[in-house]
Structures are given as structure tokens and as C-alpha cells.
Amino acid sequence: MTLAQQAPLLHIEDLAVDGDGVSIAPFSLTLIPGQRLTLLGETGSGKSLLAQAIMGTLPKGLAARGRLHIAGQTFAADDTPSRRKLWGHTLALLPQEPWHALDPTMRAISQIAESHRHVAGRSRREAGAAARRDLAGLGLQDAGHKLPSELSGGMAQRVAFAAASAGGAHIVIADEPTKGLDATRRDAVVALLARTSDDGGSLLTITHDIEVARRLGGEVAILRQGQVVERGPAKRVLTSPQSDYGQRLMAADPSRWPVPRPLTCKAGKSVIEARQLAMARGGKTLFEDLSLNIAPGEIVGISGPSGCGKSTLGDVLLGVAKADKGEVIREPSQSRLGFQKLYQDPPAAFSPHWTLRRLLDDLIRRHRLDPAAIVPLMVHLNLDPALLDRRSGEISGGELQRFAILRVLLLEPCFLFADEPTSRLDPITQQETLSLLVELARERHCGVMLVSHDPALIERLCDRRLTLGDTDTKSPAAITDTAAEASLSP
Amino acid sequence: MTRGLGRGLPALLLQRLLQAGLVAWMVGTLTFVLTRTLPGDMAYRIAAGRYGHDMVDTAAAEAVRAELALNQPASSAYFGWLWDLLQFDLGRSLVSGEPVVRELWHQLGHSLGLAAVAVALSLLLGPPLGLAAGLRPRGMLDRLSEVVASVLRALPPFAVGLVLILVFAVGLGWLPAAGHGRTAHSVLPALTLALGLAAVSSRVARNAMADVSQSAYYAFSRTKGLSDRLTFMRHGLRNVAVPVVAYLGVQFVYLIEGVVVVETLFAWPGIGHALVHAIVARDVPMIQGTALIMGLLFVLLNTVVDIVCHLLDPRRRHA
Amino acid sequence: MTTLVAPLLTLPRLSARQRLGGLLLASLLVFAWLVPWLSDADPARQQLTRILQLPSLAEPLGTDHLGRSLLARLAAAIRLSLGMAMLSVLTAAVPGVLMGIIAGWRGGWLDRVLGSLADACLALPGLLLVLLLAAIAPGNFWALYVGIALVLWIEYFRLVRARTRALAASPQLEASRLLGFGPLYLFRRHLWPELAPQVLTLAAFGAASAILAMAALGFVSVGLRPPTAELGLMMIELLPYYHEAPWAMAQPIVVLFVLVLSLNLLAGRDPR
């Protein structure tokens, strides 16, 4: 027994992927029972392809090379059918976007029970009982009869976890398990994953989220364009990376960002002011008795769980939606055009049918702006003029978000509502984009309200912060308008 | 198709009941307009058609006039017309003199038989072929069935029927071309309708199957450890069936239209045939009766589709 | 105006099947409009001395049971069918698209009223409605046309309404509105480029349905009246002679098939 535990559960020798313009350099790893490895990388780094190569589910046109030793058996990486019999029993894959991975027409409990029955080979009754136990163990005892569309993202991920691991697999591969979850739900999923290796299994996690890697601990490998640039114990790699890319990636973690230049003029004047706002949606109070004011150039952070009314507050401030109670006072010298918004998903904020040049020309003609203002702004935002002749779908998300910043800055706004503007961007791009935004806002005396689900980011960047829908205090509109003591942080 | 998503079954049934009322009103109103637009001496001509040219006299023409309420002012005649309709008093055929309801009763049986065989045949042909094609998108079977479906969709039902007659009745002599009575008579008309229906339902099933088999939940079921067969049975069938059944509702439009022309082509003594005859002969009570029955049949079939969708798709029950 | 037409002209690179459909349709058009130029045959002129003649140099496609030139009759029938299809597509598409935009954009009671109107028009299967209208005005081209248009507008309405509704709530429209753009701009830059390809697809399918519906009515003798050269009518007229002259009866079937197939291919993928 002790011998079996010493032997690696998963040993991969020179696994490489090729084809269709993708190439992943040979990669090796060894996981003994109880061990964790996290693959950290940006989108497009090929990290998900490694998971698919191990499982044997690579899309058509891609081929894997190398050898895999899984629970004492040896496989050639390109012999995909042979690994099929390991699925569920030995190898479990926790899917991306659990909402989509659950059958939309089947109740949660049946999706877990079918693994117990058909994979673990239990009787119908035992399978049902085991599924109920799983649900209770995950705090989902009331969710068994629900359909996936009625589950929250975090609940769906727990159901998917139970369904994937019901077959008793000791090797768990989790592919971006926290995609689209907010901070609290993310941490809950991480804790769940950690259980696997605590129970003597091996865990291979694939993520772009440094915080997930930090919390899981174990070993970390950083991937970039199909190459492992650095690997080692999480403690070392995540605190003092050796490689250039690793250093940049860690520096992009909000807690290490440079502190923005402090707000200089804070003379009583405010660009926007809200008095005793109250708003309810679908019978749920989002906020009430909410008052705030934002000074020129000030960055106010706003955080809270999804669905707490952050975006709705923005709509009210911008005049897109009307509050149930209270009033919004906007800087009187400014027209409506002085109040602008940045969107979470940059491509969704542009018409995809026209070149960016066309769209900018439209704006300039509409408001008789000075076209000469574009070039210096593009330089400042580090945008290549050649991008102007592309459509919104043909440039990267980071570039497009900087275009969105450019577009609103042309109107010289005095207030900008930035609704999670970087949540879809990679860490390094996120840092570049936000530091530019803060710098420009200070320079142009534009007040910014920055929404983010990342408390560390808000802590770092914002002069003040506001928390909506604090679940601890039961009150749906607990607002802490405390000054973030930015200058005191290291 | 988001047919009735997010509403309870009672609300859906109520909506279908309203639709049935609307159908009755529309048919009643249009046929009433028809009575009013009949050329001047229509009563005489219809009477001549019914009793023969020698027998026609003022009394006979008066009888027809009364039947169609041509002697009353428009408004009261209209309400009388609708009131009769409400009581299902459809009057007598102007051509045969028989009560319309009795004639409809015979014809309905023939039409329902034909339609049932056609739908059953199309369900046997279309969805299974679509499932097989959808499991291997862009494969041989998929391409072949796409070509056949495109050809069939470009041919109206009567042209399909004509081709079938030319091949099986005239060319090979295996089956009778037209008529009614033996089982053999129903093969060609039912096949004609079924081919048109299957051409569409096979593509709907194919697209649904291709979507489902490429979905994340289908892949997850396999990586969970379920075999291909179990994955198909537990996660494929139901998810494919929902759009296929929902689309049947759209296909019933085709079925009703097909019944009209196919019955005419094959001289099948059903309701569609009777409707066309009545229109040619300007037999207003028969036009009203046949159109009403066909319209109500359409509503009824759609109601059945609603109920089946409701049973198949738990999302509808939960919403 | 150019910006409205541009998305139509720079239509997404046509697929192979769409090109095939376009080619077929173009050759039918050339055929239908060239025949009256090249030959002086009258589609209605009967020559009872030379009925059901095989194709020859004088009569490239032969003659029908009344000795009429099939070449001239087919060309006339194609012109009639396409003319009818164009007309009913236009009369269905214009109000359908307009009402769809209004309903999707405004929402509220107007949306509900228009939606109920569309539901009411679909309460009866389309052909039934057209048949009843045909019964009221027998043999009248306009009755058929109104009936077919009345049935066809709903598809445009539903599609456009759904897309407009989705777009009206989208960030891209909100962003443009915040940037100070008016409704006309939103329509030109956001809505129309999105709608145009889908509306065109529906138009091609709708033209095919209109042609099929008219032929079906002709076939059951409640559509246009003889001696009009109409495809369905030609089929039913030639049906009794299938034994003596199968080539004659096959002609309207083949033409109808190619006509509908070309439109279906041109339409591309069904957006419904």
C-alpha cells in the first residue's frame, strides 16, 4: 500500500501538441498522490490543449506526441481511444463553464446519480442515495431537483464537480474551473478542488488566475505561447519569479501595482453627486439611501457580488435608467456627452460591421471635434494607427478597450463609469489598460467610477471605495465609503 | 423556436382555445363576405346546379337565397351567420343538398387517415436519418441527405406526387395512380406528403443533433465516463427531440397545404379535395365547413405539439 | 443612401451553393426575357393542327395539347411567377421589416398589438387563407397576391423584431447613444448591417414560397384562369397527356423545380 502511494499517479513524458497553427513544446510532469500542479497562463498560451491532450479529447486537426503513464498503465499520447476507458474511473475532467457542461434538460441530482450508476456501477437506489450524499456534502441539499438554468454559477460548478468525481477518479484535471465566478465563489471552488489531493488524489489545475494558483499552492508552471517559461513550488514562482515573463505576470497582480499619483485638487467641487438613491429590481432592493459624490480626477472603486446592482447604479448615474427614489446632480457646465461609460466586453460595445476609422470619423463629424486630437491620444494609449482600418472584431480585446477609452476621451468627459473594463483581459493587459485609464483621468480631471470584482485591484487604484450588497450585514445596501489608505501600503 | 417557453400549460391551452375561436371567426367572416360577393343571379345558378336546369324555378332559387341569407340586410345576416356557426349549424351543401356536417364527417375520416399515415411515415424517415447525419456532420450520409432534402424542398407536393405517379404507377405499374378503397391506394398519396415532411424534419433533426453532439454537456457526459450509447440515450435524444417536435408545429402548415393539393391530385375523397371542389362550385356552406374543419385541425395538432413539448422539456414546466 | 445599399452590395462572400443558386436564377431570367425577343410565338396562340408536337427547330420545346408554343408559354410563366414573387416579397418585406423594427424598438403595448396581429394572421394555415380569398375573387391575380403577402410579412416581422429587440438592449447601442448619436445613425450603423443579410435570406425563401403557392393554386384550378401561362396551371392541363407526351408535362415541373431550387440555394442557411 505504501509502495502504491509512492508511485506517481500521473507521469507525462514529453507531451507535445501540433497542428492547425498551434504548437506546444514537449512538456513533462509527475504527480504523486496528494500532489497538485497548476498550469498558469494567458488565453492562447495553449494550457487547455494540454488538458485535452492528456484526456485524449483534442479537437480535429491537432495531434499529440509523447507518452503518458496513468495509474500504472502506459499510453502513447496519439492513441486517444485507449484512454477512453479511464474516463470517470481514473481520470476526471472538471469542465470550463459548468453551466454549459450540464445537460439543460436534466435535474442536477440525476446528472450526479448517473455517474454513480453507470460509471461507478452502483444500483439505481444506491446511486440515488450517493448523489443525495454528494449534494448534502456540497451544501446543495435543496438544489437536487433544480435544472442547470436555475443554478448559480458556483452551484453549477459544485454539481459538475460531484458528477465528474462520482466515478471515483483519483486524477482530477480542472480546466479554468473559476472562469466567470466572482471572488467569493472562486475561493469556494478552489477549496473544493483542494479536497481531491487532500484525499490522496492528484490535481492538475489550469487557470489564468494568479490568485487561484496561490491558493492551491503545490507546484506551478507558467505557460506562454506553448512553452513552459518557469516552474517550481508555488511559493517561489509566485513571489520571486526568475523568468522575464514570470516577473511581468506577477507584477501584473493588482497587489503589486505601482500606486497611482495621488489626487491633487480636491476642492469641494464634484462632477457628479447622488442623493438618497434607492432602487429595486424584481422585488429585491439593490440599494437605498445611497449618497455619493465624485470629484474631478477622482477614482472611486465599487465592488460587490454579481447581481448586487453595480451596473444599475452606473445606469442611474449616467441617466440611462431612472432611480426609484433620490436624485442625481450632474456638473451643470457639462452636457450629457460629458458622462460616458466603458463596457465589460469591449467587442459588444462596437458595431462589428464598420472599421474603427469609420466609427471615429462619425463621432468627429457628429460633434464637430478636432480630428487632430486623435493622433496624440493614440500615441498615449499605445495604439498602432494601422488598427484604424480594422473592424472591432479584428483586434485584440485589450486594444479594443483602449480604443473605447480613446473614443470617450475625444468627448472630453468629466465622468466615466467603467463597468469591469478589464475583467475579460489578461493580467498584464489589465494592468496596462487600467494604469493608462487612471493616468488619463487624473490628467484630464475626469472622475471615474471603477467597478471590479477584485478587491485587491480596487484597494490599489482607487481613492475611495464603495461596497454594494454586503451579504454579511444582511442589509442590501451596506456602503463603506472609507478612504483607501493608499499611501500607506508598501 | 421558443414556442411558449416560460409559460404554464393552462396558459398555453387557453391561447390555443383563443386561436380556435379566431379561426372560426375568420372562416365565418370570409365565407360571409363570399356570400355577399356572389354575382347577381347566383341563387338561380346554384339552384340550377343542385336541381338541374329543367327543375329550376323561383321557389328553388328562393330556397338557396334563404340558405345563404341573401334576402336579409348585411349586418343582421352576418350575426345570424356567425350565430349558426357558433352552434355548429353549418347548413346544407348547395350542390348535394346534404347537411354539411354529415359530408364533413365522411371526408374527415379519409383525410385524418391519410395525414396520420403521412406523419407516421415522415417520422420514420426523417428524424432517424437526421440523427445519423448529425452524428457525423459533413460525412457522406450528411451530404447525400442534404442533396435529397434540397431537391424535395424545391418540389411542391403535387410535383412530388406527379413524379411518384409517373414512376410507380405509370412506369412500373406497381401501385394504382388514383382512387380510393384499398390500402394500395393510400401508399402514393401518403408517401408524397411524407417525403415533403421528412425532407424538412431530417434537416431539423440533423442540425439539432450536430449542435447537441458538439455541446459542452455532451462532451462532459463522455468525459464523466458514460459510453457513447448511454450519452446518446440520456443526453442526446431528449435534447434533439425538443426542437424536432417544436418544428412539427411549423410543418403542420405544410401538411394542411399538402393535403389540399395531394388529395386533389390523387382524387382522394377527403376534406382538402372537398374544399377545392366547393370553391370551384362556389358551394359556400361547404367552403365554410371544410375550411373550418381544416383550421380547427391545425389548431388541434399544434395543441398536441405544445403538450408533447411540455412533457419533453422540463424547462417549460419549471419556468 | 449609399450606406444603406452598401451592406447589400458587399454582401458577405457568397458560398458555393449561393453562387450556384445565383447562376441558375440568372439563366432562368435570361431565358424568360430573351425568348420574346428572339421568337415571335404568342403564348396564347392555339394551332390545333399541330398539337403535342415533339421539339423541333421551329418549336424548340414542342407544343402543348392546344398546339401552343411551350417555349413561349414557359418563358411567360417564369416572368409571371418571378414578377408575382418580387411583388409579394416587396409588399411583405417592407411592412414586415418596418413593423418589426418599431415593435422591437418601442416594445410595450405597440409590440403586443403587432405581435397579436401576426399571431392572428398565422391562426389559419397560409394556403387556407389564400384559398378563401381566391374563392371571394376567383381568378384574380390581386387577390392571390394580397393573400400571399398577408401570410409572408409575418416572417420578416418576427425575425426583425427579435433581432431589433436584442440589439436595442445591447451595449453597442447604449454606447452610441451615450456618444450622442441619434436614431437614424443607430439604424444605419448598428441595426441595418445586422438585419440586411437575414432579410435578404428570408426574401429569397419568401419568393420561393410565393412561387410554390401560386403554382399550387393553379394546380388545383382555383388560381389564375386559363389561358394564362402559369406553371401550376400548365401542369394540370398537361397531366391528362402524360402518356402521349411525357416530355411536355415534364417541362413545367422542371422549370418550377429549377426556379425554386435556385432561390433556395441563393438564400443560404435558413435563419429560422
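Student: Which overall scores does the model carry, and what is its pTM?
Tutor: Good place to begin, since this is a predicted model. Its ipTM is 0.78.

Student: How many contacts does the stretch over residues 6-10 of chain C have beyond near neighbours in sequence?
Tutor: Treat this part with care, as the pLDDT over residues 6-10 of chain C is below 50. Beyond near neighbours in sequence, the number of contacts this stretch has in the model is 5.

Student: Which element gives the most to the side of chain C that touches chain B?
Tutor: The contact involves 27 residues of chain C and 33 residues of chain B. On the chain C side, the elements giving two or more residues are helix 5 (126-136), helix 8 (183-219) and helix 10 (246-267) of chain C. With 8 residues, the one that gives the most is helix 5 of chain C.

Student: How many residues on that side of chain C are nonpolar?
Tutor: Let's go through the classes. No charged residues are found on the side of chain C that touches chain B, and 3 residues there are polar. The nonpolar count is 24.

Student: Which helix gives the most to the side of chain B that touches chain A?
Tutor: Here 18 residues of chain B meet 24 residues of chain A. Helix 9 (216-224), helix 10 (228-266) and helix 13 (314-318) of chain B each give two or more residues to the chain B side. The top contributor, with 7 residues, is helix 9 of chain B.

Student: How many charged residues are on the side of chain B that touches chain A?
Tutor: This side has 7 nonpolar and 5 polar residues. The charged residues number 6.

Student: What gives the largest share of the side of domain 1 of chain A that touches domain 2 of chain A?
Tutor: Chain A is assigned domain 1 (3-254) and domain 2 (256-483), and their C-alpha centres lie 35 Å apart. Their contact takes 14 residues from domain 1 and 15 residues from domain 2 of chain A. Two elements give two or more residues to the domain 1 side: helix 8 (183-198) and helix 11 (244-251) of chain A. The largest share, 4 residues, belongs to helix 11 of chain A.

Student: Why is one side of strand 12 and of strand 14 of chain A left without a neighbour in the sheet?
Tutor: The sheet is open, with 3 antiparallel strands in the order 12-11-14 of chain A. Strand 12 (284-294) and strand 14 (325-330) of chain A are at its edges, so each has a single partner strand.

Student: What is the bridge partner of A:Ile272 in strand 12 of chain A?
Tutor: Strand 11 (residues 272-281) and strand 12 of chain A pair in the antiparallel sense over 7 bridges. In strand 12, the partner of A:Ile272 is A:Ile294.

Student: At about what angle does helix 12 of chain A run to strand 11 of chain A?
Tutor: Within the sheet, the twist averages 20° from one strand to the next. Helix 12 (residues 310-318) of chain A lies across strand 11, strand 12 and strand 14 of chain A. Its angle to strand 11 of chain A is about 130°.

Key: Residues are numbered from 1 along each chain as its sequence is written. Chains are lettered from A and ligands numbered from 1 in the order in which they are written. This is a predicted model: local features need pLDDT of at least 70, side-chain atom pairs count only at pLDDT 80 or more; totals for chains, interfaces and linings use all residues. pLDDT is the predictor's confidence in each residue, from 0 to 100. Two residues are in contact if their C-beta atoms, placed from the backbone, lie within 7 Å. Ala, Val, Leu, Ile, Met, Phe, Trp, Tyr, Cys and Pro count as nonpolar, Asp, Glu, Lys and Arg as charged, and the others, Gly among them, as polar. Domain bounds come from an automatic or database domain assignment. Two strands pair if DSSP finds at least two bridges between them. Axes are lines fitted to C-alpha atoms, for helices over the stretch in contact, and angles run from 0 to 180 degrees between N-to-C directions.
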